[in-house]
Amino acid sequence: MSSANSMSFTNPTLASNIDIDHVTHYLLELDALKRVNRRSYVTGTTRLENSAEHSWHLAMACWSIAELFELDVNHEKLLKMALVHDLGEIDAGDTFLYADTRTDAHVEERAGIARLQAERGNGIKDLNEIWEEQETGSSKETQLLKVVDRLLPFLLNLNTNGKTWLEGNVTRSQVAGAHAFIKDSFPSIYEWQARQIEFATAQGWLIDG
């Protein structure tokens, strides 16, 4: 028996031109982000976080912070940028924040986004544009995204006794330098992080250098 509230989600004319095999092909292409491991550890476990988990966490954190601080940002734009933020890593892999090759990572990631944009079954027409905005833009949404993207792995390190920092021989000055831009973008978060860097150094989780 059909419900009185039932509805169709397809335009009959449009649906006839869409190959669902292509749609599901693209969904599996996106699924590959789950196979990309990052360097941060998931709290309460001994396993590494993957990039898909980070993207979800980034989107939720951006949304929550934007609401809590009543920031004048476009939420749809912000969340879309958070979700596509690491998609280029499907092809390029994750690059550790403190790696020497960090400055070149965007080249392979940009190529990966271009491939995903052209992949059959993709319904996101502005994927390239959204990714490029979060990568090189200067909007309020981009600035917030970059702050939160730095905050989350920092938070995971604090709550895993500096495990990633210790494994990478990361120094206090490296962490302070990587987060210095937050001072202008989000002073309250920067001040909190500065105190946590002092704490982490005192605990021996960061090399005092």
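R38 and E49 form a salt bridge, with the closest N and O atoms 3.0 Å apart; the term denotes a side-chain nitrogen of Lys or Arg within 4 Å of a carboxyl oxygen of Asp or Glu. This pair links distant parts of the chain, since R38 belongs to strand β1 (residues 37-41) and E49 to strand β2 (residues 48-50), eleven residues apart. R38 is buried, at a relative accessible area of 10%, and E49 is also buried, at 5%. Buried means under 20% relative accessible area, exposed over 50%, and partly exposed in between (1.4 Å probe, protein chains only).

## Basis of the model

The model is predicted: local features need pLDDT of at least 70 and side-chain atom pairs count only at pLDDT 80 or more, while totals for chains, interfaces and linings use all residues. Residues are numbered from 1 along each chain as its sequence is written, and side-chain values use heavy atoms, with hydrogens and water left out.

## Overall architecture

The chain contains twelve helices and two strands, where helices (H or I, at least four residues) and strands (E, at least two) are DSSP runs numbered from the N terminus. Along the sequence, the pattern is α-α-β-β-α-α-α-α-α-α-α-α-α-α. The C-alpha trace spans about 65 × 35 × 35 Å along its principal axes. Of the 209 residues in the chain, 39% are buried.

## Further salt bridges

The structure holds 16 salt bridges. In one of them, E29 pairs with R115, the closest N and O atoms being 3.0 Å apart. E29 lies in helix α2 and R115 in helix α6 (residues 105-118), so this pair ties together parts that are 86 residues apart in sequence. R115 is partly exposed, with a relative accessible area of 27%.

Another salt bridge joins K163 to E167, with the closest N and O atoms 3.6 Å apart. Both residues lie in helix α9 (residues 163-167), four residues apart, which is about one turn of the helix. K163 is partly exposed at 33% relative accessibility, as is E167 at 43%. Salt bridges with shared partners also join E29, D91, R115 and E119 into one network.

W63 is located in helix α3 (residues 51-68). Its relative accessible area is 40%, so W63 counts as partly exposed.
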